[in-house]
Amino acid sequence: MSETVNRLRKQLESPNFDPQGYVKQLSQQSDGDRDLQEHRQKIQNLADETAQNLKKNVYKNYRQFIETAKEISYLESEMYQLSHILTEQKSIMESITQALLSTDKDETSKEMQAAFPKETEEIKQRTLTSLLEKVEGAKNIMDTPGRHLIYNGDLAEFDVDNMSPIQRVHAFLMNDCLLIATWLPNRRGAVKYKYNALYDLESFAVVNVKDNPPMKDMFKILMFPDSRIFQAENSKIKKEWLEILDETKKNKVSKEKHKKEEEIPTSPVRAEVSTNPFDMDDEGPAGAEEDVNLNLEWIQELPEDLDVCIAQRDFEGAVDLLDKLNEYLKDQPVTPKVKELRSKVDERVRQLTEVLVFELSPDRSLRGGPKATRRAVSQLIRLGQSTKACDLFLKNRAAAVQTAIRQLRIEGATLLYIHKLCNIFFTSLLETAKEFEMDFAGNTGCYSAFVVWSRSAIKMFVNAFSKQVFDSNESLSTAAECVKVAKEHCQQLTEIGLDLTFTLQSLLVKDIKAALQSYKDIIIEATKHRNSEEMWRRMNLMTPEALAKLKDEMRNCGISSFDQYTGEDCWVNLSYTVVAFTKQMMSFLEEGLKLYLPELHMVLLESLREIILVAVQHVDYCLRCEQDPEKKSFIIQNATFLHDTVLPVVELRFEESVGKPAKQLHDLRKSSRPVRINPESTTSLV
């Protein structure tokens, strides 16, 4: 038999196996339906064996799969950080290379200037005037004295987001600004272009865009907070634009620096002391402007030191340097030199802020918990960006909590999953709150943002909670236990002064209400089904153990007087329907009280009333219709048990747990009071 199975397995595992030919051959060789059935059973057994082996292999390697997936996730985050560090190192190397190239370029430009005389200012201005006559709306550009044309040419502008072409433009580079003009579709005489934008050379930076066919020969102009991308006709023109723009920007900076250096010796010339008080008043501010000493070595090297700190991710050192500068300039007058220094430092502050913002972005690795964000948050607060730090910190923690919930696998019992979910969520929320209180201790205005964030986090938790507990049709007892666990974990937040119990309850009201009504309908349907099969006979539990177990169940439900309804041997002087109804009713009451919320007071009361009414009405109907005196007496005994034993226990248990009177249950018990009637009578009031 085993040889036949092995031969069949090899035949089916063969790479050249032909199913149609195999079936055709099998049909020809078989003697009848019985042979085909036996062969089919062999193939089925082989398939089952293969499935079992596959399942064993999966279980065997399951732990390795999990560990491998975790390691891949960790390696992915580490590779992302490594990529970021390499990118920063590359940018540092490129900046050093550009600095070296610019030094060589300056020497070359000096040689060219010595070999070829410059154009006169008059010729340059005349050329610029003739060109600007072709630009509509550019008449006021020549109002600035000394402005002349350096370079101009046609460019194509592209959209920054999707790299789609926008328009053709003509750029005019002058010694102090850059003019962008768009082409006119309908030309009017000599006018070819229309004024679009004018940028000061100090207000933008030029960045080379790496060629990515078909997008090539492009460069980007960065103007905070916007940017524009232009494409030259070819690589040669693009290179000319980049070189001339860079050289023009440097020439302007060097001229302004040289001009300020020439003004320095002229300041102490007026050393005479005038007796005119008006002269003293006029000279006061001028003298104050020169009192700021910016020739200190650490101030001269401050911009470069800030660049080094940012590149080396020494955020604390960078902020310390900024604090030192602010302290030094706190009581100093705002001179042009101070303004120039401030502009350089502000650019570094912007770069530092961008790096710190990136450190807090959710795209970064979320490992390490809330403490991992402390460094970036504290430096942003020192930079005066407490609002931004608060927003980024909370977004980072929201992403971390959401990721943790998403990675939590749904396995085993629902209650076990809810324990894990509550432990992860509320522990993260508690750690986030403590870290927030530590980081923003001096910024009380940010606490309201944390409260709002906490409410949104609770909503995220309730969505995951409800999806697992209420949407999966779990039993009411399981739902009650899960809600109890969530409330207990939520109470942990009160130790830091954050009480979100009301928010949690308000978000769960809708689902709890639906669960109560659904379970109420199930009990009513089950009661009606049992009522339809009611024979009004005493219960016989057959064994003393079963009777003792029933007594314990009734005692646990709060019905301590159940012993008076038990008879000799193993008999119970109540019907099976009434006993089953009592157990189900008391179970619903206990689970409903665990889920009780003030908003659900009337919902729970009405549900209890409807359930009790089904049983009471059935007893009343049977009592009216029953003709047998013995059975009628037995029905009255069951009605007395419901009225005198069950209903008072339900009413008392509800009032003790809730602390409010159960008026609906009290009215129902009064209206359903049984009347001692003649057994032969066919009327009663229940």
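Helices (H or I, at least four residues) and strands (E, at least two) are DSSP runs, numbered from the N terminus. The model you have open is predicted: local features need pLDDT of at least 70, side-chain atom pairs count only at pLDDT 80 or more, and totals for chains, interfaces and linings use all residues. Residues are numbered from 1 along each chain as its sequence is written, and side-chain values use heavy atoms, with hydrogens and water left out.

Start by selecting W536, in the loop between helix 16 (501–532) and strand 9. Although not a glycine, W536 has a positive phi of about 50 degrees. W536 is buried, with a relative accessible area of 7%; buried means under 20% relative accessible area, exposed over 50%, and partly exposed in between (1.4 Å probe, protein chains only).

Next, pick M542, in the loop between strand 9 and helix 17. M542 is not a glycine either, yet its phi is positive, about 75 degrees. This residue is exposed, at 63% relative accessible area.

Now move on to helix 17, residues 544–556. Colour L547, L550 and M554, which are buried. They cover an arc of only 60 degrees around the axis, which puts them on the same side of helix 17; the arc is that of the directions from the helix axis to the C-beta atoms. On the other side, E545, K549 and N556 are exposed. After the helix comes G558, with a positive phi near 105 degrees.

Finish at strand 2 (149–158) and strand 3 (165–174), which run antiparallel and are joined by nine bridges; two strands pair if DSSP finds at least two bridges between them. Select L155 and you can find its bridge partner, V169, in strand 3.

Technical notes: The expected span of a helix is 1.5 Å times one less than its number of residues.
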